[in-house]
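Please read this briefing alongside the sequence and the 3D view.

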Amino acid sequence: GFTLSPEEASAMEVAMLQRQIEEKLSSKLLFWGKLSGEEQDYLLAYSLTPAFGFPDKKFYFCTTAEFTLKQLPELSEEYITKSKGVTGRFRGDPSFPLEEPADDAPEPEDGVEVESFREIHRLAYTVATIDHDVAVVPVGAFIADAAKQIIPNKAYTGLSYGAAGALRSYFHFRKAESPLAVASLEKPGLARPGDIFDAIEDDKPAGAWSVTYDSSSTTACVKSFYWPGYFFFQTVGSAEYGGVYFGNGVPNKDLAFGL
């Protein structure tokens, strides 16, 4: 389901605090989501460190069999290409090999494993791709300071009822890609909060997102149809917001045909 069990929630809370202390992170780790596998599920968290243009984002994972967070690896172009070619559900075992060893592959020496393409590499690629495509923030929640660092806006007080229910109020939380956002960050002077990110309203195909209110009309809910399982909420008139992914890591590539 789209939730954590009490055991998972408490274990992740401890694991995130432990990783934050061990790495001496300046800000706390945040829960990213749960990616379901056939044998075990993956639980994921991330950290943000201020940087020019966009904060550095690191992702951490554990399985529901062993709650110790480890950083996802950086991927070579070779592994990115291989990951794109893997389809179907995850197994839930980060060490699971995703290709047969080559005939001329060297034998392991003294217990040292030879690097090979495994599920952990596909996991790193998939998490980064989902985050790029659907991680969302409301307009005004982040600002660009004079040094062009993207930082949280401490004065953010939320969105009005009307604004919370409009797609134009939500933006991709990633390094700017659209010409408007890139130009806004490159020109001298302060940039408007609505100009520093790419608007999800401009995503293709049209209809890839929906925004609705809950039954009490106090919270707006943004949902991705391309990555089923991504949900974002914004409490009306409050600085409280957040997003999470609960899915199997497989996109809805037939979306354009269903709209």
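The chain exposes about 14,100 Å², of which carbon and sulfur atoms supply 55%; accessible areas come from the Shrake-Rupley method with a 1.4 Å probe, and for residues only the protein chains shown count as cover. This is a predicted model, in which local features need pLDDT of at least 70 and side-chain atom pairs count only at pLDDT 80 or more, whereas totals for chains, interfaces and linings use all residues. Residues are numbered from 1 along each chain as its sequence is written, and side-chain values use heavy atoms, with hydrogens and water left out.

**Overall build**

- The chain holds six helices and 12 strands, where helices (H or I, at least four residues) and strands (E, at least two) are DSSP runs numbered from the N terminus.
- The radius of gyration of the chain is 20 Å, close to the 18 Å that the globule rule gives for 259 residues, so the chain is as compact as a globular protein of that length; the radius is taken over C-alpha atoms, and the rule is 2.2 Å times the number of residues to the power 0.38.
- Along its principal axes, the C-alpha trace spans about 60 × 40 × 40 Å.
- Of the 259 residues, 41% count as buried, a term that means under 20% relative accessible area, with exposed meaning over 50% and partly exposed lying in between (1.4 Å probe, protein chains only).
- Among the contacts in the chain with a separation of 6 or more, 58% come from residues 24 or more positions apart, contact meaning heavy atoms within 4.5 Å.

**The eight-stranded sheet**

- Eight strands form an open sheet with mixed pairing, in the order β4-β3-β2-β1-β12-β11-β10-β9; two strands pair if DSSP finds at least two bridges between them.
- At the edges stand β4 (66-71) and β9 (209-213), each with a single partner strand, so one side of each is left without a neighbour in the sheet.
- Neighbouring strands of this sheet are turned by 25° against each other on average, direction ignored; axes are lines fitted to C-alpha atoms, for helices over the stretch in contact, and angles run from 0 to 180 degrees between N-to-C directions.
- Helix α1 (residues 6-22) packs on the sheet, where it touches β1, β2 (42-49), β3 (56-63) and β4, and its direction makes about 40° with that of β4.

**Strand pairs and hairpins**

- Strand β1 (residues 30-35) runs parallel to strand β12 (residues 241-247) and is joined to it by three bridges; in β12, L35 has G247 as its bridge partner, and G33 has Y245.
- β1 also pairs with β2, here in the antiparallel sense over five bridges, and the two are joined by a hairpin through six residues.
- Within this pair, the bridge partner of F31 in β2 is A45, while G33 stands opposite L44.
- β2 and β3 pair in the antiparallel sense over eight bridges, with L44 standing opposite F61 in β3.
- The hairpin of β2 and β3 has six residues between the strands, and G53 in this hairpin takes a positive phi near 85°.
- Seven of the eight residues of β2 are buried, so β2 is largely enclosed by the rest of the structure.

**Helix α3**

- Helix α3 (residues 119-134) has 16 residues and reaches 22 Å from its first C-alpha to its last, close to the 22 Å expected at 1.5 Å a residue, the expected span being 1.5 Å times one less than the number of residues.

**Two loop residues**

- D93 is found in the loop between α2 (77-84) and α3, and at 26% relative accessibility D93 counts as partly exposed.
- Leaving aside neighbours within four places in sequence, D93 is in contact with Y42 and E119, whereas the C-alpha atoms of D93 and K82, 11 residues apart along the chain, are separated by 18 Å.
- A65 lies in the loop between β3 and β4 and is exposed, with a relative accessible area of 55%.
- The C-alpha atoms of A65 and R174, 109 residues apart along the chain, are separated by 31 Å.
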